[in-house]
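Me: I'd like to go through this one with you, a question at a time. Ready when you are!

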Amino acid sequence: MSPLLTPARTRGFLRATAAAVALSSVLLTAACGASDDGDRDAKATAAAPAGFPVTIDNCGVRTTYDAPPSRVVTIHQHPAELMLALGLGDRMVGTAFPDSAVLPELKKDYEAIPELAEREPSFEKILDAEPDFVYGGYGSAFAEKEGRSRKAFADAGIDTYLNREYCGKGQVTMKDTYDEIRTIGKIFGVPDRADKLVTDLRSRVAKAAGEVEGEHEVPVFVYDSGDKSAFTAGGKGLGTELIRLAGGRNVFADLDDVFGDVSWEQVVERRPEVIAIYDYAGAGSVQEKKKYLLSQPALADVPAVRNKRFVVLPLTATLVGIRSAYAVDDLARGLHPESFR
């Protein structure tokens, strides 16, 4: 099968330890008597980390954290990079499903973390890493039919968090990226780091958007993969917002999903002037995708194809995570090169 046909897309030890601690507490209570209650309560209060407990609502799941998670598995690359950008690599015991080349400044830390699987790992494989927290990037991280539902993890005593882009609450914007970073910062007790990262990313986006302010809006078609039909970015995903900030318009912003299939006839009708190619492992190389698009007679009169105007983006850079701010700059330069000369 051609790669272009491929669309994108236990904690037993810890619980035993907790049980032992609980049993010890009961024995101490019996030995010391009720007169020690005040001292015990004072010690428990003193032991609670600053800012905790923290309660988070995420995609319909409400979780209270009494302390920051200490053993984390990330599924998909963008959650891993976000964790590393917040300086939380020492909490990570496993990653999975790398999409693209990792940011150079994070590469060394990323490679030091065990990779559990090339795609989503099995439930059992994740349990082997003994996490207390699993952070998923796509909805498939917690696929019920594959035994990885959030309930299954909860039943095993493991907390979960799903990237908000897959909560299904309407179009995702850069605000969601900033909120995602701040939420993870809150869960892990590093809100100051999160605020600093958000400030840096906002500045990067504002600079790129400022360079193309007032320029004409360029119609953009996102090509993820596909040959019988085109798998593209819809209006609910962050890609539409990134294109807008870069001085463009997603020609399939009316597609009511994060990603979805459209016909090639629709692509021809909407006459994009630029094609943004999403680059990631398992869906054909960028050169294969360009060759396919340029070889189709039906697409010959599409302005982007006729003028060979392509912008390449790592898939990871188009999702809710730290790379999205970089994508705005890359897109702006591709859509309005004259503004950067």
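Reply: First, a definition: axes are lines fitted to C-alpha atoms, for helices over the stretch in contact, and angles run from 0 to 180 degrees between N-to-C directions. Helices (H or I, at least four residues) and strands (E, at least two) are DSSP runs, numbered from the N terminus. This is a predicted model, where local features need pLDDT of at least 70, side-chain atom pairs count only at pLDDT 80 or more, and totals for chains, interfaces and linings use all residues. Residues are numbered from 1 along each chain as its sequence is written, and side-chain values use heavy atoms, leaving out hydrogens and water.

Me: Are H8 and H13 roughly parallel or antiparallel to each other?
Reply: Helix H8 (residues 191-211) packs on helix H13 (residues 324-335) with axes 8 Å apart and an angle of about 15 degrees. Angles under 35 degrees count as roughly parallel, over 145 as roughly antiparallel, 65 to 115 as roughly perpendicular and the rest as oblique. Therefore H8 and H13 are roughly parallel.

Me: Is histidine 78 buried or exposed?
Reply: You'll find histidine 78 in helix H3 (residues 77-85). Buried means under 20% relative accessible area, exposed over 50%, partly exposed in between (1.4 Å probe, protein chains only). Histidine 78 has 3% relative accessibility, so it counts as buried.

Me: Which exposed residues does H11 carry on the face turned away from its buried side?
Reply: Start with the buried residues of helix H11 (residues 286-295): Val286, Lys289, Tyr292 and Leu293. Their arc around the axis (taken from the directions from the helix axis to the C-beta atoms) is only 130 degrees, which puts them on the same side of H11. The face turned away from that buried side carries the exposed Gln287 and Lys291.
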